[in-house]
Amino acid sequence: MAFLALLFTLFSTGSSVAQVPLLMWSSDGLPALASTAAGHITSKDQLTTYLSSAFGSGRHTVLLFLQDKLSKDDFTVFGGVFGNKQDSAFENLEAALHSSSSVMFPALEWLDSSAIPALLQEKLGASPLLVDADTLSHLSINTSASNLLIINLPYCTSSGKSCKKVLHDNDGIIGKVLSVMKDKKVHYTAIYTGLKPSRVISEASMSIQPAGRSLLQAVVPEVKPPIMFNVSGNPCIMLWAQNLNISVTSESVWIDLATEVPSMTGSTCNSSNSLLVLTYPSGYILSFAMSQRFYPVSARNWFTLDSVQLQANGQTASFSGSRNIYAPTEYSFHCQSVTSFRDILLVANKTNPTPAWRLNFIDFQIQGFGLANGTDFSYASDCAGFFTPGIWMGLVTGLLFLWIFVYGLHMIMQLNTMDRFDDPKGPSISVPQSE
């Protein structure tokens, strides 16, 4: 009944504010949640108040199932409602909600992908630990202190498994993790939510809709936040890319690391060198090494992306970008396409043990120094020059046609016409042959 109540609430919830659902259950019991009207959107402050009452005293072990994307539509489409339980993609989740004390936030106001982990870390006073089902079975959990265990779950992409299959596999992972906790006889509180909405559907009230016909407004594409490494609370390195594609096989199978949430352990920065280390749950590690120096010719400091390293399966491939990726220190660097195989900006090291490895970064922007704008990039120095080959061809062709036009006009202006003619009725014009 709890899961059906959730689905009923999801059907009746609609807003133009980006939102993610949050499901919470516990083997120890949870405080009662005040009833709200249909369509209510839970704010961050309201969630903070509830978590304070749930984790106010004692030690707690929290399992945070953090899916890459999640929306209420995932439950309504794949939840197997109206008695069709065998077709549900959330069998283990539904069983956990039935057998435990549970609360549901169908529409939680979404601010950024790190809001929920940061809030739980603050309430528990414990550092998050990234685990999976296999790792958890061999992990010794200290129940005398609070624990925050994060289990990352993928979401369906445009290619590969269907959404229902991915969600069903995620539900299997949830069931396996809960079984491990039951075998260990550890009391826990579990939370299932998403890093960001999988679907954003704007629904405005009919009372504020303009009468008559109107043009449809284009849907604004979702923009994910940049990767930011902070030192002493201030941003030190920022990176953003629409896609961080890597290929580690000869069959050119691309893996987009931008869909995963990395750890930045090992990153450092100072006034002359910056190192951004991105460790992904899938096992890949991307490292961006930058340095800056003063150039007397331009009388200013410039930074260069010295190298990009990709580590996988115990091997490391290095790519140099110092000759092609650079910008003034107070600027950021941006390029629509940064690759190691076509229009090369990242040159593969000749000593790489795996020449088949390739990088392809789409809409790439990075800044390792001079972040004076807080959480925003500085002015971007773009890799596209002011004069592309197409512009040069157009200028040369235009100048050639202009020269032909001017030369022809000059020749026409030099033409002289006769100003004296014979009169057939008068005497003939006599032109003396000699003086």
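Lys176 forms a salt bridge with Asp134, their closest N and O atoms being 2.9 Å apart. The pair links distant parts of the chain, 42 residues apart: Lys176 sits in helix H7 (residues 163–184) and Asp134 in helix H6 (residues 133–137). This is a predicted model, where local features need pLDDT of at least 70, side-chain atom pairs count only at pLDDT 80 or more, and totals for chains, interfaces and linings use all residues. Residues are numbered from 1 along each chain as its sequence is written, and side-chain values use heavy atoms, with hydrogens and water left out.

**Salt bridges**

- A search of the whole structure finds 3 salt bridges (a side-chain nitrogen of Lys or Arg within 4 Å of a carboxyl oxygen of Asp or Glu).
- Asp169 pairs with Lys165, with 3.5 Å between the closest N and O atoms. Both lie in helix H7, 4 residues apart, about one turn of the helix.
- Arg300 forms a salt bridge with Glu330, at 2.4 Å between the closest N and O atoms. Arg300 is in strand E14 (residues 300–312) and Glu330 is in the loop between strands E16 (326–328) and E17 (332–339), so the pair ties together parts 30 residues apart in sequence.

**Exposure of the paired residues**

- Lys176 is partly exposed, at 43% relative accessible area (partly exposed lies between buried, under 20%, and exposed, over 50%, with a 1.4 Å probe and protein chains only).
- Asp134 is partly exposed at 48%.
- Arg300, at 28%, is partly exposed, and so is Glu330, at 36%.

**Helix H8**

- Val406 lies in helix H8 (residues 389–413).
- Val406 is partly exposed, at 45% relative accessibility.

Terms used:
Helices (H or I, at least four residues) and strands (E, at least two) are DSSP runs, numbered from the N terminus.
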